[in-house]
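Let's take a friendly walk through a protein model. Have a look at the chain first, and then we will begin with a single residue.

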Amino acid sequence: MSKALDGIRVIDFTHDQAGPACTQTLAWLGADVIKIERPPNGDRARKLWYSDRADIDSYFFLLLNSNKRSVVLNLKTDEGKEIARRLIREADVVAENLGPGAMERLGLGYEAVKKLNPRAIYASIKGFGSYGPYSDFKCFEMIAQATSGGMSLTGFPDRPPVVTGVNVGDAGTGMHLTIAILAALVQRQRTGRGQLVEVAMQEAVLNITRVKFTPTLTNGRPLERMGNRSASGAYADLVRCAGGGPNDYVYLMLPPDNAEPFEALVDAIGRQDVRSDERFSTPPARARHSDDLTAVIEGWTMKHDKHEVMRALASRGIPCGAVLDTAEVLRDPHLRERGTVFDLEHPTRGRFSMIGCPLRLSDSPIETSRAPLFGEHTEDVLTTLAGYTADEVRRLRDTGVV
Ligand SMILES: CC(C)(COP(=O)(O)OP(=O)(O)OC[C@H]1O[C@@H](n2cnc3c(N)ncnc32)[C@H](O)[C@@H]1OP(=O)(O)O)[C@@H](O)C(=O)NCCC(=O)NCCS
């Protein structure tokens, strides 16, 4: 069966997380993604975070670079630049997230690529975009969270701001870039032209955070951190469960405009008596007396483990979820049954738990193939796409170009 992006070729100069998250999604959707990596070690993500063994790729890299091909190319040599130009001429998309000005210094910025291939979509991530007072600044995940308002809202009101564990700054920006690329590909079908698409990390996180600006727009004051409470005015809290471990909790939320989950909750926990309690008589009253209501609920939840609590309450229509730690997520039966988490073979890592694509398209099957080894496809790509012979590739290898 064909795939949505069959026939789309991406020359991928991205590294770390934000850019690779985007190009991995394009690859899942069927694009041929050719990852360009610098000698001698390639994308630094290959050695990033819990690199338990220096000689093989980190799981960080394997999680972000499935379904791609890898080509080694020293872009600081004239021949390396020439190879890049040849590949760009064959590209539908050129993607990058190097530091500000780095692609231009290599002679591979948007204007240069447009001259080489006017049909190419040039997709770029920067921390703060290509213009504006911060545009020369480098950026990582937490910096995007800090400068978007997101970090100021995360944590408890009496403690400093906290970074969220969800990678909205990196992967969130990558997903925004994916949307921009897909839109540009659709537009190109009508115009025949490529274009520059860019996403700034600060703005991607701002976009995801936008509804939290509602109170500020209403009263002009910055919104305070709310810990685990909901900004909607509904009762919402983290309730303790049996076990007492660091993640033995269930998060529970009662909608502000529907009394049924509250009714179901008091039945489930055998506390029908609280129906007549003034503190819990309306959704706003429940939200005002959250601590008291949490104590009532914990009287029951602390006798059961979080999985039992989730099953018992969620099956009665009460919105709630167990706080699963990362090890529990990797063996979660629901995610395993849906094929989102599955075992994948890798030549040096062996079998490991891979997190697959969350998109489901009924006419474009999504399969995950392992991330490429460093330079695994250099010869193949140079001989089939860039017009080099195997002998020439050997010479380029001997001179450190590839
Ligand atoms: C993430 C970031 C802060 C890392 O900064 P850094 O480690 O200083 O790396 P940079 O991307 O700025 O620089 C990469 C250098 O490698 C060089 N390089 C990259 N690929 C190369 C290749 N194949 N061959 C030779 N050189 C290469 C670049 O030319 C650049 O050199 P220069 O500084 O002399 O111009 C920076 O890339 C950045 O701000 N990116 C945009 C925002 C972003 O995506 N952040 C999140 C990343 S998860």
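Aspartate 16 is buried, with 20 other C-beta atoms within 10 Å. Here a residue counts as buried if 20 or more other C-beta atoms lie within 10 Å of its own, exposed if 12 or fewer, and partly exposed in between, with C-beta atoms placed from the backbone.

A word about the source: this is a predicted model, where local features need pLDDT of at least 70 and side-chain atom pairs count only at pLDDT 80 or more, while totals for chains, interfaces and linings use all residues. Residues are numbered from 1 along each chain as its sequence is written.

Aspartate 16 sits in the loop between strand S1 (9-13) and helix H1. Helices (H or I, at least four residues) and strands (E, at least two) are DSSP runs, numbered from the N terminus. Most residues other than glycine have a negative phi, and most peptide bonds are trans.

| Residue | Phi | Loop |
|---|---|---|
| Aspartate 16 | about 60° | between S1 and H1 |
| Asparagine 67 | about 65° | between H2 and S3 |

Asparagine 67 is buried too, having 23 C-beta neighbours inside 10 Å. Another backbone feature is the cis peptide bond from proline 39 to proline 40, with omega near 5°. Proline 40 belongs to the loop between S2 and helix H2 (59-64).

Now for the sheet. In what order do the six strands lie? The open sheet runs S3-S2-S1-S4-S5-S6, with parallel pairing; two strands pair if DSSP finds at least two bridges between them. Strand S3 (68-72) and strand S6 (196-200) are at the edges with a single partner strand each, so one side of each has no neighbour in the sheet. From one strand to the next, the twist averages 20°. Strand S2 (residues 32-37) pairs with S3 over five bridges, and glutamate 37 stands opposite valine 72 in S3.

What about the interior? The largest nonpolar core has 64 residues, and Val10, Leu26, Val93, Val94 and Ala123 have the most contacts inside it. Such a core is a set of buried Ala, Val, Leu, Ile, Met, Phe, Trp, Tyr and Cys residues joined through C-beta atoms within 7 Å. H1 gives the largest share of this core, six residues. Apart from it lies another core, of 21 residues, including Cys241 and Met310.

Note on methods: Axes fitted to C-alpha atoms, helices over the stretch in contact; angles between N-to-C directions.
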